[in-house]
Every structure is written in C-alpha cells, then in structure tokens.
Amino acid sequence: MPQEELVVLLDERFVPIGTAPKRTVHDAHTPLHLAFSCYVFDSGGRVLLTRRAIGKKTWPGVWTNSFCGHPGPGEDMASAIARRAKQELGFEVTGLWEVLPDFRYTATDAGGVVENEFCPVWVAEAAADPLPEPDEVCEWQWAGWGDLVESMSRTPFVFSPWSRLQVPRLAEALSAGATQR
C-alpha cells in the first residue's frame, strides 16, 4: 500500500510546526503549509503552461505554471521538484534555480477551497515535451513569455491566482538575475 502524502505545516515565520495528510489540508480552513511552483523553459526560451485536470480539487480546468507540488517532511526542495516533474509531467528537469524564495499567497476558489501556501518559485529547463499524468494535467502548451503576459492581461480569469501573482514578479526577477544565474 502506498504511503500517504504528507505536507509540511508552517507557522507565520515559515518555520515547520508539523505535518498533515495532503488529502485533509485543502479545504475552507487550509493551514499555512509549504509548497513550490515551477516554470519550465525549453531550449528556445518558451515556457510550459499546463491546464489543471478537471478532477483537481482546487482550480480545476484553469491554466497555470508548468507544475506545483509540496515537499515532504525532510525532503529538500530540489528533490521534491524533480520528483514532482517526473510524477506529473513525465520528464526530468535540469538547471533548477530558485527565483522567488519568499513567495506566499492565499486564494479561495469558487468551491470555497482555500490555498494558503508559502510557495517559493523556481525555474527549470526540459529537453523534451511532457507526457503528463491525466489526473493532473488535461492540456499543455509551450508559449513565448510575451504571449503568456499578454494572455494573462487579456483573460486573467483562465489562469490560476498564484500564476497571476507570480508572473509579474518572475519577469522582473528573471530580467534582473539573468546575468547572475
């Protein structure tokens, strides 16, 4: 029997204070917990966008960043990102880089489920197209960065709330840090 996935609960200073089963955490009273978001780029500089599967508990069917996840207790972030890329998108990522180490957000979806995450944002590279897990991703596409920014400004309602908050900060950080990487 597979081991139940646990998420790391945090206090308001982002210090771990315990764990909880992932299946019990996302509801109307979601406790603050640790997560990550990752934006994957191809060799041509395009970013991978994914559309969340219709069966997802939160924000089903919306377009979002390449993938998200939760590191397990004691799991370092880079390992969690690599694990989740393989599980959700069926490929390996390289060149991991933490771009927004202090990103935190809360959002409530139409069904009343709250996201409450300390969610550092990473970028990575992939050399192949994804082979996504259908329970996670129902569509995907590579997009130019400018096309993503324009789409978000014209139709923000089709994108996840975290990606709408992350993309402007990510654009600024990537511009400033491109030579520092």
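Close-up 1. Glu 115 is buried, with a relative accessible area of 5%, where buried means under 20% relative accessible area with a 1.4 Å probe and protein chains only. The structure is a predicted model, in which local features need pLDDT of at least 70, side-chain atom pairs count only at pLDDT 80 or more, and totals for chains, interfaces and linings use all residues. Residues are numbered from 1 along each chain as its sequence is written, and side-chain values use heavy atoms, with hydrogens and water left out. Glu 115 belongs to strand β10 (residues 114-118), strands being DSSP runs of E with at least two residues and helices runs of H or I with at least four, numbered from the N terminus. Not counting residues up to four places away in sequence, Glu 115 touches His 26, His 33, Thr 58, Trp 59, Tyr 105, Thr 106 and Ala 107, a contact meaning heavy atoms within 4.5 Å. Its side chain also makes a polar contact with the side chain of His 26 at 3.3 Å (a pair of N or O atoms within 3.5 Å, one able to donate a hydrogen and the other to accept it).

**Close-up 2. The annotated group around His 33.** An unreviewed UniProt entry gives the annotation "binding site" to His 26, His 33, His 70, Glu 115 and Glu 117; such annotations may be inferred rather than shown by experiment. These residues are spread over 92 residues of sequence, yet they cluster in space, with a largest C-alpha distance of 12.4 Å. His 33, in strand β3 (residues 33-34), is buried at a relative accessible area of 0%. Leaving aside neighbours within four places in sequence, the contacts of His 33 include His 26, His 70, Glu 115 and Glu 117, while its side chain reaches the backbone oxygen of Pro 31 at 2.9 Å.

**Close-up 3. The largest pocket.** About 400 Å³ of space lies in the largest pocket, a pocket being an open set of points on a 1 Å grid with protein on both sides within 12 Å along at least five of seven lines. Its lining comprises 28 residues, each with an atom within 4 Å of a point, and Lys 22, Arg 52, Lys 56, Thr 58 and His 70 lie nearest the centre. The lining divides into 8 nonpolar, 8 polar and 12 charged residues, with Asp, Glu, Lys and Arg counted as charged.

Conventions
Buried < 20%, exposed > 50% of the residue type's maximum accessible area, 1.4 Å probe, protein only. 1 Å grid on protein atoms, 1.4 Å probe; cavity = no way out; pocket = protein on both sides within 12 Å on 5 of 7 lines; lining within 4 Å. Points joined across faces, edges and corners; volume = space filled by probe spheres on them.
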